[in-house]
Amino acid sequence: MHGWEAAVEAQIRSAQERGEFDNLPGAGKPIPGRDLPYDESWWIKSFLEREALPSDLLLPTPLQLRRKIEQLPDEVRDLPTEDSVRALVAALNAEIMAWLRTPTGPRVVVRPVNADDTVRRWRADRERAARERVGASAVAESGPIPPRARRRRWRLPWRRR
(Lines give C-alpha, C1' and ligand atoms only; values in the text may rest on other atoms or scores of the structure.)
Protein backbone atom coordinates (compact mmCIF):
# COMPACT_ATOMS: atom_id res chain seq x y z
CA MET A 1 0.00 0.00 0.00
CA HIS A 2 0.97 3.57 -0.45
CA GLY A 3 1.75 5.70 2.55
CA TRP A 4 -1.53 7.59 2.75
CA GLU A 5 -3.64 4.45 2.11
CA ALA A 6 -1.88 2.66 4.98
CA ALA A 7 -2.54 5.64 7.27
CA VAL A 8 -6.24 5.67 6.39
CA GLU A 9 -6.55 1.93 6.92
CA ALA A 10 -4.81 2.28 10.29
CA GLN A 11 -7.26 4.99 11.37
CA ILE A 12 -10.23 2.85 10.31
CA ARG A 13 -8.86 -0.17 12.13
CA SER A 14 -8.26 1.80 15.33
CA ALA A 15 -11.78 3.30 15.16
CA GLN A 16 -13.22 -0.21 14.77
CA GLU A 17 -11.26 -1.38 17.80
CA ARG A 18 -12.55 1.56 19.85
CA GLY A 19 -16.11 0.65 18.76
CA GLU A 20 -16.91 3.91 17.00
CA PHE A 21 -18.72 2.07 14.21
CA ASP A 22 -20.99 0.21 16.63
CA ASN A 23 -24.63 1.37 17.00
CA LEU A 24 -24.66 3.36 13.76
CA PRO A 25 -28.13 3.90 12.26
CA GLY A 26 -28.81 1.25 9.64
CA ALA A 27 -26.16 -1.14 10.97
CA GLY A 28 -26.97 -4.70 9.95
CA LYS A 29 -29.70 -3.58 7.53
CA PRO A 30 -29.49 -3.98 3.76
CA ILE A 31 -28.68 -0.94 1.69
CA PRO A 32 -31.97 0.44 0.34
CA GLY A 33 -32.40 0.13 -3.43
CA ARG A 34 -29.44 -2.17 -3.87
CA ASP A 35 -31.35 -4.68 -5.99
CA LEU A 36 -32.99 -1.98 -8.15
CA PRO A 37 -31.54 -0.88 -11.50
CA TYR A 38 -29.42 2.27 -11.46
CA ASP A 39 -31.38 5.51 -11.54
CA GLU A 40 -29.56 8.77 -12.21
CA SER A 41 -31.96 10.79 -10.09
CA TRP A 42 -32.05 8.47 -7.09
CA TRP A 43 -30.83 11.17 -4.74
CA ILE A 44 -33.56 13.62 -5.85
CA LYS A 45 -36.25 11.01 -5.30
CA SER A 46 -34.87 10.04 -1.91
CA PHE A 47 -34.63 13.71 -0.89
CA LEU A 48 -38.25 14.39 -1.88
CA GLU A 49 -39.39 11.29 -0.03
CA ARG A 50 -37.31 12.01 3.08
CA GLU A 51 -38.38 15.66 3.32
CA ALA A 52 -42.02 14.89 2.34
CA LEU A 53 -41.94 17.42 -0.48
CA PRO A 54 -44.44 17.31 -3.35
CA SER A 55 -43.11 16.06 -6.66
CA ASP A 56 -44.61 19.14 -8.35
CA LEU A 57 -41.43 21.01 -7.44
CA LEU A 58 -39.63 19.14 -10.22
CA LEU A 59 -41.99 20.45 -12.91
CA PRO A 60 -41.05 23.43 -15.07
CA THR A 61 -42.66 26.75 -14.15
CA PRO A 62 -45.45 26.77 -16.77
CA LEU A 63 -46.57 23.28 -15.76
CA GLN A 64 -46.51 24.28 -12.07
CA LEU A 65 -48.72 27.24 -12.94
CA ARG A 66 -51.13 25.02 -14.90
CA ARG A 67 -51.31 22.66 -11.92
CA LYS A 68 -52.10 25.60 -9.61
CA ILE A 69 -54.86 26.72 -11.95
CA GLU A 70 -56.34 23.21 -11.96
CA GLN A 71 -56.26 23.04 -8.15
CA LEU A 72 -57.71 26.53 -7.66
CA PRO A 73 -61.37 25.43 -7.18
CA ASP A 74 -60.31 23.06 -4.39
CA GLU A 75 -58.22 25.77 -2.72
CA VAL A 76 -60.91 28.46 -2.75
CA ARG A 77 -63.66 26.11 -1.55
CA ASP A 78 -62.71 26.55 2.11
CA LEU A 79 -62.02 30.29 2.01
CA PRO A 80 -64.44 32.30 4.17
CA THR A 81 -64.94 35.50 2.16
CA GLU A 82 -65.11 36.71 -1.41
CA ASP A 83 -62.20 39.09 -0.75
CA SER A 84 -59.96 36.20 0.24
CA VAL A 85 -60.93 34.35 -2.97
CA ARG A 86 -60.10 37.43 -5.04
CA ALA A 87 -56.79 37.87 -3.18
CA LEU A 88 -55.78 34.26 -3.91
CA VAL A 89 -56.68 34.66 -7.59
CA ALA A 90 -54.77 37.97 -7.73
CA ALA A 91 -51.67 36.31 -6.26
CA LEU A 92 -51.89 33.48 -8.80
CA ASN A 93 -52.38 35.96 -11.64
CA ALA A 94 -49.31 37.90 -10.44
CA GLU A 95 -47.25 34.69 -10.68
CA ILE A 96 -48.63 34.02 -14.16
CA MET A 97 -47.88 37.55 -15.35
CA ALA A 98 -44.33 37.37 -13.97
CA TRP A 99 -43.78 34.16 -15.94
CA LEU A 100 -45.35 35.64 -19.09
CA ARG A 101 -42.90 38.57 -18.96
CA THR A 102 -39.89 36.26 -19.07
CA PRO A 103 -41.07 32.79 -20.12
CA THR A 104 -38.77 29.89 -19.38
CA GLY A 105 -39.20 26.20 -19.90
CA PRO A 106 -41.47 24.53 -22.43
CA ARG A 107 -43.91 26.53 -24.50
CA VAL A 108 -47.17 25.90 -22.68
CA VAL A 109 -50.21 28.15 -22.89
CA VAL A 110 -50.88 29.70 -19.50
CA ARG A 111 -53.49 32.42 -19.22
CA PRO A 112 -54.48 34.51 -16.20
CA VAL A 113 -57.50 33.32 -14.24
CA ASN A 114 -60.75 35.28 -14.38
CA ALA A 115 -61.50 36.33 -10.79
CA ASP A 116 -65.21 36.89 -11.47
CA ASP A 117 -65.69 33.35 -12.80
CA THR A 118 -63.83 31.92 -9.83
CA VAL A 119 -65.97 33.91 -7.37
CA ARG A 120 -69.13 32.81 -9.21
CA ARG A 121 -68.12 29.14 -8.89
CA TRP A 122 -67.15 29.69 -5.24
CA ARG A 123 -70.61 31.16 -4.47
CA ALA A 124 -72.37 28.31 -6.28
CA ASP A 125 -70.35 25.72 -4.33
CA ARG A 126 -71.14 27.44 -1.02
CA GLU A 127 -74.86 27.67 -1.82
CA ARG A 128 -74.96 24.00 -2.82
CA ALA A 129 -73.14 22.99 0.37
CA ALA A 130 -75.54 25.10 2.47
CA ARG A 131 -78.56 23.46 0.79
CA GLU A 132 -77.08 20.02 1.46
CA ARG A 133 -76.50 20.91 5.13
CA VAL A 134 -80.08 22.18 5.48
CA GLY A 135 -81.44 19.06 3.77
CA ALA A 136 -79.35 16.79 5.97
CA SER A 137 -80.40 18.61 9.14
CA ALA A 138 -84.08 18.44 8.12
CA VAL A 139 -83.80 14.69 7.61
CA ALA A 140 -82.00 14.32 10.95
CA GLU A 141 -84.70 16.32 12.77
CA SER A 142 -87.58 14.35 11.29
CA GLY A 143 -85.98 11.14 12.45
CA PRO A 144 -85.33 8.00 10.51
CA ILE A 145 -87.80 7.07 7.83
CA PRO A 146 -89.59 3.90 8.83
CA PRO A 147 -89.33 1.10 6.30
CA ARG A 148 -92.45 0.44 4.28
CA ALA A 149 -94.45 -2.46 5.52
CA ARG A 150 -94.43 -5.17 2.96
CA ARG A 151 -97.87 -6.27 1.91
CA ARG A 152 -98.43 -9.93 1.77
CA ARG A 153 -100.26 -11.23 -1.21
CA TRP A 154 -102.58 -13.99 -0.31
CA ARG A 155 -103.28 -16.66 -2.82
CA LEU A 156 -106.24 -18.78 -2.61
CA PRO A 157 -105.19 -22.38 -2.84
CA TRP A 158 -107.58 -23.19 -5.69
CA ARG A 159 -106.43 -20.27 -7.89
CA ARG A 160 -103.51 -20.66 -10.20
CA ARG A 161 -101.26 -17.93 -11.26
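Trainee: Why is T118 called buried?

Mentor: The relative accessible area of T118 is 2%. Buried means under 20% relative accessible area, exposed means over 50%, and partly exposed covers the range in between, with a 1.4 Å probe and protein chains only. A value of 2% is under 20%, so T118 counts as buried. Please note that this is a predicted model, in which local features need pLDDT of at least 70 and side-chain atom pairs count only at pLDDT 80 or more, while totals for chains, interfaces and linings use all residues. Residues are numbered from 1 along each chain as its sequence is written, and side-chain values use heavy atoms, with hydrogens and water left out.

Trainee: What makes the place of T118 part of a helix?

Mentor: T118 falls within helix α5, which covers residues 115–142. Helices are DSSP runs of H or I with at least four residues, strands are runs of E with at least two, and both are numbered from the N terminus. The protein has 5 helices and 0 strands, and from the N terminus on its elements run α-α-α-α-α.

Trainee: Which residues does T118 contact, leaving aside its neighbours within four places in sequence?

Mentor: They are L72, V76, V85, V89 and V113. Contact means heavy atoms within 4.5 Å. With the same exclusion of sequence neighbours, L72 is in contact with L88, V89, L92, V113 and T118.

Trainee: Is N93 buried or exposed?

Mentor: N93 has a relative accessible area of 15%, so N93 is buried. N93 is found in helix α4 and is in contact with P112 and V113, leaving aside neighbours within four places in sequence. Of the 161 residues of the protein, 12% count as buried.

Trainee: Why is L53 called partly exposed?

Mentor: The relative accessible area of L53 is 33%, which means that L53 is partly exposed. L53 is found in the loop between α2 (42–51) and α3. Not counting residues up to four places away in sequence, L53 touches F47 and L48.

Trainee: How do you know that D39 and K45 meet in a salt bridge?

Mentor: The distance from N to O between their side chains is 2.7 Å. A salt bridge is a side-chain nitrogen of Lys or Arg within 4 Å of a carboxyl oxygen of Asp or Glu, so the pair qualifies. D39 is partly exposed at 27%, and K45 is partly exposed at 49%. By this rule the count comes to 11 salt bridges.

Trainee: What makes the pair E51 and R50 a salt bridge?

Mentor: Their N to O distance is 3.6 Å, which is within the limit, so E51 and R50 form a salt bridge. E51 is partly exposed at 41%, whereas R50 is exposed at 57%.

Trainee: How many residues apart in sequence are the parts that the pair E95 and K68 ties together?

Mentor: E95 forms a salt bridge with K68, the closest N and O atoms being 2.7 Å apart. E95 lies in helix α4 (residues 82–101) and K68 in helix α3 (residues 61–76), so the pair ties together parts that are 27 residues apart in sequence. E95 is partly exposed at 36%, and K68 is partly exposed at 32%.

Trainee: Which residues are linked in a network of salt bridges?

Mentor: E82, R86, D116 and R123 are linked in such a network.

Trainee: How do the residues lining the largest pocket divide by type?

Mentor: The lining divides into 6 nonpolar, 2 polar and 1 charged. Its members are I31, P32, G33, L36, P37, Y38, D39, W42 and S46. Ala, Val, Leu, Ile, Met, Phe, Trp, Tyr, Cys and Pro count as nonpolar, Asp, Glu, Lys and Arg as charged, and the others, Gly among them, as polar. D39 therefore counts as charged.

Terms used
On a 1 Å grid over the protein atoms alone, a cavity is a set of points where a 1.4 Å probe fits but cannot get out, and a pocket is an open set with protein on both sides within 12 Å along at least five of seven lines; lining residues have an atom within 4 Å of a point.
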